[in-house]
Amino acid sequence: MMQQTSGFRIFFMTGAWMVLAFLLLPILVVIPVSLTDTSYIGLPKEELSLQHYVAYFQDDRWLSATWTSIWVGLVVAVCATVLGTTFAIGCWFLSNRASTIARWILITPILVPPVVQSLGFYRFWVTLGLIDTHGGVILAHTLLALPYVSISVFAALANLDPRIPQAARSLGASVWQTVRAVVLPAAKPGMLTGGIFAFIVSFDEIVGVLFITVRNVSTLPKKIWEGIQESIDPTIASVATMLVMLTIVVTIITIWRRRDGDLT
Amino acid sequence: MPDKILTIANATKRYGPVHALDRVSLDVEEGEFLTLLGPSGSGKTTLLSAIAGFAPLTEGRIDLRGRNISNEPPEHRDFGMVFQGYALFPTMTVRDNIAFPLKVRKRPASEVRKRVDECLGLVQMEDFAERMPAQLSGGQQQRIALARALSFEPQVLLLDEPLSALDKKLRADLQWELKSLHDRLGVTFIYVTHDQDEALSMSDRVVILKDGRIQQQGVPDELYKFPRTRFVADFLGKSNFLDLPVTAREGDEMTCRIGGTNFPVTAPGATASGDVLNVALRPERIRLGAPGQELLDGIVRQVSYLGERCLVLVDHAEVGPLMISQPTWKAEVTPKAGLPVSFGWDVDAPVILEDGAA
């Protein structure tokens, strides 16, 4: 087909690419910065250097913050998936007005501004004695991640014909056997997506962590934040670059797997 | 007399102010093919759900061989159920689908395997054991659903419009299969449908429901020949409805009048007390003839050719348009629009309906 190159088209194409550049460049600029040979944040002067990557892997504080973020994220993913799935399946079985209201209440953490939410966490966690504990962070993150899990499980269950669990019951399966045999398999794709979302929510979260932790608990976002506050250490750029790379790799794998899935 | 397997007494189901079921009482006999027939909203599906245990009754009770099961969960009732949308488990193979009820009953693996093979044979699907449900056509899926519901030898098989998603030809084939399956196995079938042909062709007994109430029940032939109400006469097959003024009566023998013509009507046990009989007249019971040959004269308004028979709409000054069904192979006259004809019927053709029934 002939490419039409009207002025109109050129105008909009240029605009679109500029918006895209505006979105991506601030992210990509961390890559050259991370390879700088200087000891402050800036572009490489003489040569490219991996010294700030080495610094990251040799610094216990960075490694422990990373490890904390990972395991907290995994625990949050498991907790939020279990709770969110249970909630979604329960609502699906009821599917009455009360369950609709419950669904709305559960997604409020998405609607409330993070600062307000974090203030709430802070007040409550003081009372509960959870300030500056890993348990406190896990609990807060689980609450923040729950809506994502329940929404994706709801989406997966929307495809489940309500007659299928009925069939299982009529064939002699108890409610619990029915859930295991036919409801959970239908919810599985949603649980997987929801679990990944929950991990990302936790891994990425900083506002809450700043409110409810002091010295004991340090997650990667908090460490990056402190790194900028205290010094202008280019290690931050190397951490950021690794996260960007990780994101790109995961995205590519996801797209590739989905295309494979479509073929079968 | 055969034993009763299910006794439904005063079954009432209310959703707010709406009566989905209104004091329905019904006995189901051991081994019969019972059909619940009605338009949508008649309560037939609600009644089936109540029997299956999915919709607890507001009032009334259901007994299975004398044991009250009204409050038992579906899995304890031991009824197989076949659904309109097949409701096969999409993540399991055909074999696992059929084995499911046996596995939840903890039957030994060897027995499960043998029984699944038997059931596949029952519905002639032996070659499809390892397929996934999504790889089967609608008719095949429904056969598997049937095999699954029968695999654990249920006390009763409940079927909720199982054929309505299939095309006409396949539906007719499966009707024969269902009927022969029923006759071979001797399991009690309770079948819900809105399709009168299905109801008439398969059932030992048909229960017609409307607005949550039983209108009439009986064997198909009896229901078709002697509908008690206008609703039944209209829902089962086609009918012409006439209001006949009675000019004389002597026991069951009455004389009615249309225009200037008097004719006899036999009304055994007719309750009609007034001067007017509400009757239903089946289109195929009306004879068509050359002008003057039959009782009344009329003019053909429209003809619809249906292959083995044709439907003729005849205008008459007094009774309005009448639908007449005539076998095409022995037509006395070849009806055409505008043609003057005569028509008449046997003494026992008009069926007297109950008063006031809509």
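The structure is a predicted model, in which local features require pLDDT of at least 70 and side-chain atom pairs count only at pLDDT 80 or more, whereas totals for chains, interfaces and linings use all residues. Residues are numbered from 1 along each chain as its sequence is written, chains are lettered from A and ligands numbered from 1 in the order in which they are written, and side-chain values use heavy atoms, with hydrogens and water left out.

Chain B is divided into domain 1 (4-234) and domain 2 (235-352), the bounds being taken from an automatic or database domain assignment. The C-alpha centres of these two domains of chain B are 39 Å apart, and 17 residues of domain 1 are in contact with 11 residues of domain 2, where contact means heavy atoms within 4.5 Å. The size of an interface is often given as the accessible area lost when the parts come together. Between the two domains of chain B the buried area (the accessible area, with a 1.4 Å probe, that two parts lose on being put together, summed over both) is about 1300 Å², and carbon and sulfur atoms give 61% of this area. On the side of domain 1, B:Tyr224, B:Ala233 and B:Asp234 supply 42% of the area buried against domain 2, more than any other three residues.

The elements of chain B that give two or more residues to the side of domain 1 touching domain 2 are α6 (196-202), α7 (220-225) and α8 (230-235), helices being DSSP runs of H or I with at least four residues, and strands runs of E with at least two, numbered from the N terminus. The largest share of that side, 5 residues, comes from α8(B).

Between the chains, 16 residues of chain A are in contact with 23 residues of chain B, and the area buried there is about 1600 Å², of which carbon and sulfur atoms give 67%. In chain A, the residues that lose the most area to chain B are A:Arg163, A:Ser170 and A:Leu171, which together make up 39% of what that side buries. The interface of chain A and chain B holds 1 salt bridge, in which the side chains of A:Arg169 and B:Glu75 meet at 2.7 Å, N to O. Both α9 (163-170) and α10 (175-204) of chain A supply at least two residues of the side that touches chain B, and α9(A) gives the most, with 7 residues.

Over all chains the structure holds 31 salt bridges. One of them joins B:Glu30 to B:Arg65, with the closest N and O atoms 2.6 Å apart; B:Glu30 lies in the loop between β2 (18-29) and β3 (33-37) of chain B, and B:Arg65 in the loop between β4 (59-64) and β5 (67-68), 35 residues apart. A further salt bridge, between B:Lys169 and B:Asp173, has an N to O distance of 3.9 Å, and because these residues are 4 residues apart in helix α5 (residues 168-185) of chain B, they are separated by about one helical turn. At 60% relative accessibility B:Lys169 is exposed, whereas B:Asp173, at 35%, is partly exposed, with exposed meaning over 50% relative accessible area, buried under 20% and partly exposed in between (1.4 Å probe, protein chains only).

How values were computed. A salt bridge is a side-chain nitrogen of Lys or Arg within 4 Å of a carboxyl oxygen of Asp or Glu.
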